[in-house]
Amino acid sequence: MAQLHVNGSVLEFEAEGDTPLLWVLREQLGLTGTKYGCGVAQCGACTVHIDGEATRSCVMPISALTAKQKITTIEGLSKDGSHPVQKAWAALDVPQCGFCQSGMIMAAAALLKRKPKATDADIDAAMTNICRCGTYNRVRAAIKVVAKGGDPKSAGLAIQHVNPQTGSKA
Amino acid sequence: MTNTTRIENESRRRFMHGAAALTLAVYLPASTAAGAKAANAANPAKALEPNAFLRIGEDNSVTVVSKHLEMGQGSYTGLATIVAEELDADWSQVRVESAPADAKRYNNLLWGQAQGTGGSGAIRNSWEQLRKAGASARAMLVEAAARQWQVPAAEIAVANGVVTHQASGRKARFGELVRAASELAPPAEVKLKDAASFKLIGQRAPRTDSVGKTTGTAVYTQDIHLPGMLTAVVAHPPRFGAKVKSFNAAKARAVKGVVNVVQIPAGVAVVARDTWSAKKGRDALTVEWDESAAFKLGSEQILDKYRELAKSPGKVAASGGDAERALGAATRTLEASYDFPYLAHAAMEPMNCVIRLDKDGCEVWNGAQMQTADQAVLAKLFGIAPERVRINTLYAGGSFGRRASKEFDYMLEAAHIVKAIGGRAPVKLVWLREDDMRAGYYRPMFHHRLSAGLDGEGAIAAWRHRLVGQSVLAGSFFAGAIKDGIDFTSVEGASNLPYAIPNMLVDLHTPEDIGVPVQWWRSVGSTHTAFSTECFIDELAQAAKKDAVAWRLAMLDKHPRHTAVLKLAAEKAGWGGPLAPGKAGERRGRGVAVHESFATVVAQVAEVTVQADGSFRVDRVVCAVDCGIAVNPDVVRAQVEGSIGYALSTVLNGAITLTDGKVDQSNFHDYQPVRIAEMPRVEVHILPSSANPSGIGEPAVPPLAPAVANALAAATGKRARRLPIATDMLKA
């Protein structure tokens, strides 16, 4: 049994050492919010945090990881979508097909942790994830909302979403 | 509809809590479990289901049943908005779930007896249908309240999910009226609202899928995991048309996790306990291919053939006056030819499909655009009645036409694999990015040749447009629409050129000996016709020494919608005014294009900056769109923004090329989509309209490339005639 520290818990699973972290997360641990898009670290749909750093999990073999490293996936970013980046994303209705957005959000969260006042140049350099729907301008706008203090209303973009699971307004 | 087919796409219960998760070998969308629970309950909650499109629960929930796929274009949100508007529901009580495959109840009204999503038609074909569905439910709630309160129905008002009789002060939420209303027959006729009283339509309502798509809980086909499910990765032939001659699976079977290796028509499938094992198994497999029927030409050879074909007349797609004679008589003639490569859709979620055979037939998990065609094909393959093929339509991680699989390629792979293993386990077919990139079903390569003649006053007297390229409709569900050898999707945008030109001829060559599978790709024929026509018009304007906008407007007398969007885009972009100069050595330019597709008209003005080495950036795109009533203007804006990004990839890098029949590209490193740093500023202006909604998922794609090329011409004097645009030609 191998062990990894994921979203606050040490989890055990069986997988060969060359298995990329992505597939362990998705298929051994059932954390399917992290997506497969290319397998060659080009698209970023598989982005997770390892010790706070945005990492493309599709090319990270689990043999290169220990249970001391803290892995965070979209499921662990917040319990209820309340991370400021997630809130800004929903407020601006960034996603279209949505498939790349877990990776986008993880990349943005890591960027903003490193550079809370991220500039356009910072965004261009850090946000190299691919979105075929072309949501890029909203991705940029949402990051700026957080960089400016996290209140989507300040950007005149507040719209209220309803959590489809609970019916409560988020 | 059984509970198992009712997959709610909104959310998935998160149950993985620490090590406890390890005991769970199986994960299912929560709604399946919840649905089963509800079915087992002794006293199931009553629901009002006045028609196939909505269900109102005693818990006040309004569930809109979407016959259309949500592949990113916001159709769930738009469809629900239409229902909620006529129902006078509160947006917070509205949810969306996908309909089961059913050609009778859920057919696309633009397509006849087939369910499907495409051609930017989800809102267009559902508009009246869903307004009536909402209004009908509203009338039943009102009637139920009138009977209960013993007041005239005409005195009852409904707003934000509350039914009110003002005089008596009585009020009820929808849920309180569900039992009584469900005893009533739906009204035979309903009165629809005046547009003036719309409360939701025309406003920015939040998308119904944003929460799921920002928390990782939205469920795609890639996320389905069924009890005992196996995962398959397929070894495909290196060339189109090749078949398996023989294979050696010994090493593949030795890979830990590999369960089986089976031959299917498309290749050899490695079936394993998980994706990584299946992939390693495929890596270990050796296959010998029979290439006797394989297609072996390269892109340049195909293009040579097309150029040769373009020298002779094709089949006439449109004509007026006498173009040949007028060309001969013209004061001045211009010619230009344009080349377009194959394009992969390259949706973020590579194609995949889950199929399970069971005692009831077959159950499918897919995010596909043409459910009932899929259903019929699977029924035939498995030898069962179509209604025994139960399709769960999940969110698609993009599609752009790819998941409207005209020959059912990826779905049939999954079906053949599950059949080959005797249905002993559910199978998830996984295409890796390389499989997806090289599978074909591309936007076809096209070659266009245009000639025009100007008269003494500088007006266009003659226009001849010849196109050469494969038919998308051939071999598809829509092949019947090919008339007199003309696939209208090959010439759309060219055969209906809006400009008033007295003599015009559009003809088409449709080569049938090119073995590269082609398919509809976001905006289909307009992906190439908008480029050639709008670039050529621009070149003619320059030759006639006319302003590109004024020149177009002069020829658009009979097209008020074109005129309106062109004027609006030009005004908002500051057309005619000075463009801020670039830094030293930079050249800047502004260009325009206008195009109609899917009953929507879009004009775009692009601004570019070109460096001395020819590299360029698109700085700003101003877009004006007439899509009829904008059900949700913010979704319209998002579609325009996204379409501009999607189209820009075809300008900068997008090309699938072949060498000796093999596809050169394999993944995103050599098929580079636009990324955030390349994305221009986009400004969207929606024309006010009282006309019924028209398409919006595709129509903003076509004008982008010609607007950019025209801007580059303004900046550099060089006319791009091939996509993607080679920066070499733009060097100072």
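Predicted model: local features only at pLDDT ≥ 70, side-chain atom pairs only at ≥ 80, totals over all residues.
Trainee: Into which domains is chain B divided?
Mentor: Happy to start there. Two of the domains are each given as one range, domain 1 (1–43) and domain 2 (45–215). The others are each given as two ranges, domain 3 (221–292 + 351–430) and domain 4 (299–342 + 442–730).

Trainee: How many residues of domain 3 of chain B are in contact with domain 2 of chain B?
Mentor: Good one. The C-alpha centres of these two domains lie 37 Å apart. On the domain 2 side, the touching residues are six nonpolar, six polar and one charged. Those 13 residues of domain 2 of chain B meet a domain 3 side of 18 residues.

Trainee: Which helix of chain B gives the largest share of the side that touches chain A?
Mentor: Let's build up to that. The contact takes 62 residues from chain B and 61 residues from chain A. Helix 5 (210–215), helix 7 (275–284) and helix 17 (633–652) of chain B each supply at least two residues of the chain B side. With seven residues, the largest share comes from helix 17 of chain B.

Trainee: And how many residues on that side of chain B are charged?
Mentor: The side of chain B that touches chain A can be split by class. It has 27 nonpolar and 20 polar residues, and the charged ones number 15.

Trainee: Is Leu467(B) buried or exposed?
Mentor: First, its setting: Leu467(B) is in strand 20 (residues 460–469) of chain B. Beyond its neighbours within four places in sequence, Leu467(B) is in contact with Phe446(B), His448(B), Ser490(B), Val491(B), Ala494(B) and Leu508(B). The cut-off for burial is 20 or more other C-beta atoms within 10 Å. Leu467(B) has 28 such atoms, so Leu467(B) is buried.

Trainee: How many residues of helix 2 of chain B are buried?
Mentor: Helix 2 (residues 75–87) of chain B should span 18 Å at 1.5 Å a residue, and its end C-alpha atoms are 18 Å apart, which agrees. Just after the helix, Asp88(B) has a positive phi of about 60°. Helix 2 of chain B is largely enclosed by the rest of the structure because the number of its 13 residues that are buried is 13.

Definitions and conventions. Residues numbered from 1 in each chain as written. Chains lettered and ligands numbered in written order. Helix = DSSP H or I, 4+ residues; strand = E, 2+ residues; numbered from the N terminus. Buried ≥ 20, exposed ≤ 12 C-beta atoms within 10 Å, placed from the backbone. Contact = placed C-beta atoms within 7 Å. Expected span 1.5 Å × (residues − 1). Nonpolar A, V, L, I, M, F, W, Y, C, P; charged D, E, K, R; others polar. Domains from an automatic or database assignment.
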